[in-house]
Amino acid sequence: MSDFAVEANDIVRTFNDGGVQALKGVSLRVPRGEVFGLLGPNGSGKTTMVRILSTILSPTSGSATVDGFDVVKHPDEVRRRIGLAGQYATVDENLTGYENLRMIGSLNHLDKDYVISRAKSLLDEFGLSDAANRNVKTYSGGMRRRLDLGAALVANPPILFLDEPTTGLDPQSRQDLWTIIENLVEGGTTVLLTTQYLEEADRLCKQLVVLDKGSIIAQGTSQELKTQLGATVLSLTFHSTGDAARGVELIRDVSAKPANVEGTVVELTVEGGPAAAADALRRLDAAHVSLAGLTLREPSLDDVFLNLTGHKADDDVTPSDDAPTSIRKARA
Amino acid sequence: MTVTTTETIHASKSSLRWAVSDVLTIARRNMLAIIRIPTALVFSVLQPIMFVLLFRYIFGAGAIKVNIPGGYVNYLIPGIIVQTTIFGAVGTAIGLAEDLQRGLIERFRALPMARMAVLAGRTVSDLGRNVLVLVIITLVGFAVGFRPHGGFVNYVVACLITLLFAYCLSWGFAYIGLAAPNSEAAQAMTFPLIFPLTFASGIFVQVSKMPGWLQGFATYQPVSEVTKAVRYLMDGSNVLIPSAGNSVWVAILWSVGLIAILGPLATAKYKKVA
């Protein structure tokens, strides 16, 4: 048995006969029993990676194993060991919550009595008992996601793929899902999670990789990445764009990272927040450039991307090949 | 919220039995949807009844005349039986397009189920709905004066031939559902096929009353052949069409030929898009 729950070697995936390169040689090693994060903006290739690892798509080149089984050569062995849930909450709207779990259990070839009791306990654990016999059509977004996750868990898979599990959810539903995921990992499940949110990766993932345009641009523990990325963003608002242009020249070497100018706002990723802020203020004061505002904040994914790639997360993103084929078509 | 982990119990069956079980699971789920979506129910049950009433009491009240024993109603009902089962195949296209659009087929793809169960389950559930529709049309038909003379066994055989043909044809509609970008488009794509097949046929009127340029197509296209066969079996004494008995074999040949071509086409499409 492989030491890793998931291992991917140099995965390449192209679409439209090579016209779109969604993944350009991605390698991963996901240790057992922890949450591993794939962080990246829309179109970075996260979902394509999950679809390949869950045997939905085959890679154009490269190889991957899940729980020791090759995703191309032994897809059924892989399918017996994984659960898949995600942002599209692919539950059947015309069935009740209970029926959805029964159906997935049956398609997982599980014993009928086991499925019945498993479905009931999952609905109970995810706070869906009251809605168990209602059509999913009547469920809220958060309820659908929990049911979707429940469906992924019916067969008790050792490895769980969660594709943007909290995208579009309200804060309470997001917290609920995070708690569920943490409990699962405590129980020994390995989770591979994709997210656009640094906060989510930070809270859940022990290790993560950052994907951009189909390539890994950074990897490590969340702490390592934060240090690498710069822990704080210093945001300065000037009175005019002219001031901003003068100001950015004055404070440029406060940080080794590139500054981002947008109108009258200059943003700089800095290592020691307060000290850097004081340094910047001194320089501006000495040159008699006054400020309209100053804030220090945690870096967002945009900042991470700006620092790692020199471009913003939503810049120049090719039409997303991330969504399932059909959903992509529906949007087009 | 805690998640308990319990021992997973896999049931043991042979892979063939699992494949059958998967097909039935998917078919059952589709049948539940047909019952629960009011529009689907209207589409599959009420619409055929409307057609019976429309042609029996409006067009058939005098505007359309067919000179056979029992009058137009005896001509009409076997035709309506064929027409409604073919209209039902539209549901195959819509259902598959919807599953694809919602990402459900993706989820199925990540399960250790028989891969073909999605297509087979869909066509089987549509077959089930057609059985229901046939029963309803038979009841409504009798209520509006349909009196076939072919006997019970022939009637059942006629229904089986209709179901066989509609089932084989539904694989073509499965292809359309898989090729369509969404369910609305799937529905729109089926109409240019459904209309000539059902209306430029012997279902509602005699082909000999159609313009000359249309008669060739209308006489030999498969739906006309199936209709001929069904009429022959149900009413036995259909003197309007000589050699109608052959059409039973022609209908079966068409069905086998269609599924031999459409089955692999739909399967290949499914592998490509899903």
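This is a predicted model: local features need pLDDT of at least 70, side-chain atom pairs count only at pLDDT 80 or more; totals for chains, interfaces and linings use all residues.
Strand S4 (residues 61-66) of chain A runs antiparallel to S5(A), and two bridges join them. One residue to look for here is A:Thr65, whose bridge partner in S5(A) is A:Asp70.

The loop between S4 and S5 of chain A holds A:Asp67. The phi of A:Asp67 is near 55 degrees, a positive value in a residue other than glycine. A:Asp67 is classed as buried because 20 other C-beta atoms lie within 10 Å, and a residue counts as buried at 20 or more. A:Lys213 is not a glycine, yet it has a positive phi of about 50 degrees. With 19 C-beta neighbours inside 10 Å, A:Lys213 counts as partly exposed.

Further along chain A, attention turns to strand S13 (residues 265-270). Five of its six residues are buried, so S13(A) is largely enclosed by the rest of the structure. S13(A) pairs with S11(A) in the antiparallel sense over six bridges, and A:Leu236 stands opposite A:Val266 of S13(A). Strand S12 (residues 260-262) of chain A also runs antiparallel to S13(A), joined to it by three bridges. Here A:Glu262 has A:Val265 as its bridge partner. The hairpin of S12(A) and S13(A) has two residues between the strands, and in this hairpin A:Gly263 takes a positive phi near 65 degrees.

Within strand S11 (residues 232-238) of chain A lies A:Ser235. This serine is partly exposed, with 17 other C-beta atoms within 10 Å. Beyond its neighbours within four places in sequence, A:Ser235 is in contact with A:Val265, A:Glu267, A:Thr295 and A:Arg297. A:Ser235 and A:Thr60 are 175 residues apart in sequence, and their C-alpha atoms are 43 Å apart in space.

Chain B can be approached through its helix H1 (residues 15-36). At 1.5 Å a residue, the 22 residues of H1(B) should span 32 Å, which agrees with the 31 Å between its end C-alpha atoms. Buried residues of H1(B) are B:Asp22, B:Val23, B:Thr25, B:Ile26, B:Ala27, B:Arg29, B:Asn30 and B:Ile34. Their cover includes helix H2 (38-58), helix H3 (72-101) and helix H5 (117-143) of chain B, together with helix H3 (97-107) of chain A.

The contact between the two chains takes 44 residues from chain A and 35 residues from chain B. On the side of chain B that touches chain A, H1, H3 and helix H4 (104-109) of chain B each supply at least two residues. H1(B) gives the most to this side, with eight residues. By class, the side of chain B that touches chain A has 17 nonpolar, eleven polar and seven charged residues.

Key:
Residues are numbered from 1 along each chain as its sequence is written. Chains are lettered from A and ligands numbered from 1 in the order in which they are written. Two strands pair if DSSP finds at least two bridges between them. Helices (H or I, at least four residues) and strands (E, at least two) are DSSP runs, numbered from the N terminus. The expected span of a helix is 1.5 Å times one less than its number of residues. A residue is buried if 20 or more other C-beta atoms lie within 10 Å of its own, exposed if 12 or fewer, and partly exposed in between; C-beta atoms are placed from the backbone. Two residues are in contact if their C-beta atoms, placed from the backbone, lie within 7 Å. Ala, Val, Leu, Ile, Met, Phe, Trp, Tyr, Cys and Pro count as nonpolar, Asp, Glu, Lys and Arg as charged, and the others, Gly among them, as polar.
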